[in-house]
Amino acid sequence: MRCLAIAIALLLFNAVQAQVLTKEDSLNAGLVRSDRTTLVSAYGEVKVAYDQQLGTGEANLTRNVLFLGHRFNSRISFFSEMELENASVEGGQVGGELSMEQLFVKFDLTKDIYLTGGLFITRLGIINENHLPTTFNGNDRPYVEQFIIPSTWREIGVGLYGRSTRLPGLNWSVAVQNGLNAGAFQHGTGIREGRGDGAKASAANIGVSGALLYYTGDFRFQGSGYYGGSAGLSQREADSLQLDYGLFGTPVRLLEANAQYLGEKLRVKVLATQVDIPDAARINRAYASNTPERMFGAYAELGCDLWSFIRPTEKRDLIAFIRCEALDMNAAIPANGIDDPTLERTYVVAGLTYVPTVGISVKADYTLRTTGERNPSLDINPYPQALPYFTDNGSINIGLAYSF
Amino acid sequence: MDRRDFLRSSCLGCAGLAFGVGVLSLTGCASLPLVKVVSDGRTLSIPLTAFAEGTQVIARASKLSYDVLVMKLPNGDLRSLYLRCTHEDQPLTATATGLHCPSHGSRFALDGSVEEGPATKPIRPFPVHREGEFVIIELTT
C-alpha cells in the first residue's frame with residue numbers, strides 16, 4: 001500500500017511538473033515557443049471473428065497502445081508507444097504480450113532532416129509505419145504485411161529521415177539498426193520471429209534500410225529496401241554452426257514497392273514485396289527451421305467511400321472495399337528444405353469500414369483464405385491423430401478501432 | 001498455370017502497376033515553390049511576387065520549427081496553414097491537392113480539415129491579409 005501511495009504521489013507530482021496537455025492545447029501553446037509539451041494519446045482495436053470451417057468464434061481485445069511523447073525544446077522530442085496485446089498478461093500463462101512498440105528521441109537537425117535514435121519502426125511497406133488500426137480497411141492488417149514484411153518491425157538503432165527541397169513531395173529515410181536473429185526463424189512465419197524488438201537483441205550484426213516516398217496530387221509512391229545480417233553470434237559459435245559471421249553475415253534482403261491513390265471517393269492501394277535469404281541452407285543445417293530462400297507477396301485494394309455519395313457534405317466515411325492478396329512463404333527453398341504448399345496463400349477480404357468521426361472505425365469484413373494442400377512430410381501427428389486442414393476457409397470479422 | 005506461377009504473376013503485376021502509375025504521375029507533377037522569409041516572431045511577410053508562377057507557396061522562416069503553406073484561393077482570398085501534423089507534430093508534405101504526413105499517413109484538406117487519421121484535430125489557418133506588395137501572416141492564434 002505504501003509503495004502504491006508513493007507511486008501515485010510521484011505520478012501526480014510529475015503530472016504537475018510536466019503539465020500534461022492535449023494535442024489541442026499543444027497547438028494553442030504558441031508556435032514559436034511550443035517547447036516543453038507532453039502529449040498523451042492512444043489507439044487500439046477489438047475484434048470478434050467467426051471461423052466458418054471450425055464453427056468457432058473468438059472475441060479479442062487485439063491491442064491497446066498508449067502513446068507518450070514529450071518535446072524537450074524546439075529541436076528535441078521523445079516518442080514512445082507501449083502496447084498490450086490480447087488484453088492481459090499473467091505470469092506463467094500463455095496469452096497476452098506487453099511490449100514497447102517504439103521508444104526513441106528525435107532531433108530536428110534542420111527543417112528538412114531529422115535524426116532518430118532508440119527503438120523505432122523503419123519505413124518498409126505501408127503498414128509497418130502506418131499501423132494504426134483506423135488507417136487500414138479490414139479487421140486484420142494485410143497478410144502480406146504480416147507474413148512477408150513482419151509488421152510491426154522495430155529494432156534499436158539510428159535513423160535519418162527528411163525531404164527534398166529540390167523536388168517537393170519527395171521524402172526519404174535511412175536507418176541502421178541491430179540485425180535479425182536467424183536462430184529464431186520459424187517455419188511458416190518467415191523472418192518474423194527473428195526480430196529483436198529491442199529485447200536484448202544481438203548487435204553484432206546490423207540491418208540497413210532505406211526508403212523513398214513521393215507525394216504528388218492524390219498519389220503516394222514508395223520504394224524501400226532492407227539488407228542485414230542474421231547471425232548475431234560470436235565468431236566461434238558462427239564457425240561451429242558454419243554460418244557467416246560479421247555485420248552482414250548470413251544476410252536477409254527485402255525489397256518492396258507500393259503505390260496509393262487517395263481520392264475523395266476512391267482509394268486504391270497496391271504493394272509488392274520480396275524477401276531473399278541466400279544462406280537459407282546453412283540456416284536450416286544449423287537450426288533445422290525449414291527456412292526458405294525466397295518469399296514474396298503482393299496485394300491490391302480498392303475502396304469506395306459510399307457516404308460521399310449519400311451525404312457529400314458530411315464529414316464521415318462508409319468505405320466499401322475489397323482486397324486481394326497473394327503470398328508464398330516458400331517461393332524458393334534450399335536443397336535441405338521441405339516444400340509446404342500451405343504457405344502458398346491467397347486472401348480475398350471484402351467489407352465495410354464506417355467512420356462516424358475521425359479516430360473511430362467500425363469494421364465488418366469477410367475473409368476467404370485459400371492455400372495449397374498440406375505436405376504429409378511435414379505432419380508430426382499423421383492421420384488419424386492430425387487435426388483436419390482446410391485449404392479453403394472463411395471468417396466473418398466484426399471490430400472496432402480507435403485512435404486519438 | 002499452377003499456384004506458384006499465379007502468385008508470382010500477381011506480385012509482378014502489382015509491382016508493374018505501381019511503377020507504371022508512378023512514372024505516369026511524375027511526368028505531370030507540379031512542385032510547390034519554397035520561399036525563405038524573415039519573421040519578427042509574430043508575423044511573416046511574403047512578397048506577392050512569390051505567387052508569380054502559381055497559387056501556392058511554401059514559406060520558410062528560421063524562427064519557425066515548421067514551414068507555412070500559403071495559398072491564393074480562386075476568389076482572391078488568402079489562406080495559410082502551419083505544416084505540422086496535429087497527431088504527433090511531424091512535418092507535413094504539401095501537394096497541390098492536400099497535406100500528407102509521411103510518418104503516420106494522416107491527410108488534411110487544403111482548408112486544414114482532417115481527411116484521414118490518425119490525426120483527429122484540424123490544422124487551424126493563420127489570419128492572413130495583404131499589405132501593399134506583401135502577404136502578411138499573423139502567427140499568433
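Where in chain B is the place of Asp89(B)? Asp89(B) sits in the loop between strand 5 (78-82) and strand 6 of chain B. This is a predicted model, in which local features need pLDDT of at least 70, side-chain atom pairs count only at pLDDT 80 or more, and totals for chains, interfaces and linings use all residues. Residues are numbered from 1 along each chain as its sequence is written, while chains are lettered from A and ligands numbered from 1 in the order in which they are written.

**Chain A overall**
- Chain A has 6 helices and 17 strands. Both are DSSP runs numbered from the N terminus: helices are H or I with at least four residues, strands are E with at least two.
- The radius of gyration of chain A is 23 Å, close to the 22 Å from the globule rule for 404 residues, so chain A is as compact as a globular protein of that length. The radius is taken over C-alpha atoms, and the rule is 2.2 Å times the number of residues to the power 0.38.
- The C-alpha trace of chain A spans about 65 × 60 × 60 Å along its principal axes.
- Buried residues account for 44% of the 404 residues of chain A. A residue is buried if 20 or more other C-beta atoms lie within 10 Å of its own, exposed if 12 or fewer, and partly exposed in between, with C-beta atoms placed from the backbone.
- Take the contacts in chain A between residues at least 6 apart in sequence: 57% of them join residues at least 24 apart. Contact means that the C-beta atoms of two residues, placed from the backbone, lie within 7 Å.

**Helix 5 of chain A**
- Helix 5 covers residues 280-287 of chain A, and its buried residues include Ala280(A), Ile283(A) and Ala286(A). Arg282(A) and Asn284(A) are buried as well.
- Helix 4 (235-241) of chain A is among the elements that cover these buried residues.
- After helix 5 comes Ala288(A), with a positive phi near 50°.

**Loops of chain A**
- Ser151(A) and Thr152(A) are joined by a cis peptide bond, with omega about -10°. Thr152(A) lies in the loop between helix 3 (144-147) and strand 7 (154-163) of chain A.
- Lys200(A) is not a glycine, yet its phi is positive, near 50°. Its loop runs between strand 8 (170-178) and strand 9 (206-216) of chain A. Lys200(A) counts as exposed because it has 7 C-beta neighbours inside 10 Å.

**Chain B overall**
- Chain B holds 1 helix and 12 strands.
- Of the 141 residues in chain B, 47% are buried.
- Among contacts in chain B between residues at least 6 apart in sequence, 37% link residues at least 24 apart.

**A sheet in chain B**
- Four strands form an open sheet in the order 6-7-8-9 (chain B), paired antiparallel. Strands pair if DSSP finds at least two bridges between them.
- Strand 6 (93-94) and strand 9 (114-116) of chain B are at the edges with a single partner strand each, so one side of each has no neighbour in the sheet.
- Strand 8 (residues 107-108) of chain B runs antiparallel to strand 9 of chain B, joined by 2 bridges. Arg107(B) is opposite Glu116(B) in strand 9 of chain B.

**Loops of chain B**
- Asp89(B) has a positive phi of about 60°, although it is not a glycine. Asp89(B) counts as buried because it has 22 C-beta neighbours inside 10 Å.
- The peptide bond from Gly117(B) to Pro118(B) is cis, with omega near 15°. Pro118(B) belongs to the loop between strand 9 and strand 10 (125-126) of chain B.
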